[in-house]
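Hello,

Here is the structure I promised you. Please open it alongside this email, and then read what I found.

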Amino acid sequence: MTTGPSYSLDLELARYLDAAADLHGALFERPWNRPALEDLLSVSGTDGAAALVSDRTPRFAGFVLFRTLGDFSEILTLAVAPENRRQGIGRLLMEQAVHAARESGAERLVLEVQDGNRSAISLYESLGMTPFDRRRNYYKSGDGSHADAILMQLFLDN
Ligand SMILES: CC(C)(COP(=O)(O)OP(=O)(O)OC[C@H]1O[C@@H](n2cnc3c(N)ncnc32)[C@H](O)[C@@H]1OP(=O)(O)O)[C@@H](O)C(=O)NCCC(=O)NCCS
């Protein structure tokens, strides 16, 4: 019998900031380096989780960063390494963010996602999130093109 790798979460994202900054830098036009991630995490109400592949030695595979202020929670970023996608890690990270938001007493979770980011939008929809607003031309690419930001929300019945 063969078994694939299994995944786990470490709620101490601070242990993985170098790997998180490398991944963020590889995926996003406006990357957050380690000091930027440290700054974000130092703000009250901000937390995150790292996803680990536990083949033999645990290996960093992705992370989520979120902030809860009062009854409002926001996903700041979500990223899964390309080689580890479509295996449920993004969902696991988002479920942790939803759980943490609920635990903190948030009533609503929001995020913004680039129009056309099919994988992320599908993931958020599968979690019950719905679009509620749009920011025109919010994202600008290196090639000068623009894309809208879609704002999505989930109401948390605690
Ligand atoms: C979006 C992202 C985090 C998804 O991570 P992932 O680990 O691949 O997601 P999961 O395996 O948990 O997928 C969960 C669900 O999301 C949807 N989904 C994920 N990738 C998809 C794709 N390429 N096409 C269509 N649906 C997709 C599916 O509904 C999937 O469920 P299924 O596999 O049972 O069909 C990942 O693609 C990523 O890091 N993208 C680049 C960074 C990014 O865009 N972050 C979001 C910024 S708002």
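A backbone N or O atom of Val80 lies 2.8 Å from an oxygen atom of the ligand. That is a polar contact (a pair of N or O atoms within 3.5 Å). Arg91 also brings a backbone N or O atom to 2.8 Å from a ligand oxygen. For Gln87 the corresponding distance is 3.1 Å. The protein covers 78% of the ligand's own 920 Å² of accessible area (Shrake-Rupley method, 1.4 Å probe).

This is a predicted model: local features need pLDDT of at least 70, side-chain atom pairs need 80 or more, and totals for chains, interfaces and linings use all residues. Residues are numbered from 1 along each chain as its sequence is written, and side-chain values use heavy atoms, without hydrogens or water.

Now the shell around the ligand. There are 20 residues around the ligand, where near means a heavy atom within 4 Å. Leu78, Val80, Gly90, Arg91 and Asn117 come nearest. Which element gives the largest share of the shell? α4 does, with six residues. β4 (72-80), α3 (89-103), β5 (108-114) and α4 (118-126) each supply at least two. Helices (H or I, at least four residues) and strands (E, at least two) are DSSP runs, numbered from the N terminus.

Is Leu151 buried or exposed? Leu151 is buried, at 10% relative accessible area (buried is under 20%, exposed over 50%, partly exposed in between; 1.4 Å probe, protein chains only). Beyond four places in sequence, its contacts (heavy atoms within 4.5 Å) include Leu111, Thr130 and Phe132.

Best wishes

Terms used: Polar contact = N/O pair within 3.5 Å; in protein donor to acceptor, adjacent residues only side chain to side chain.
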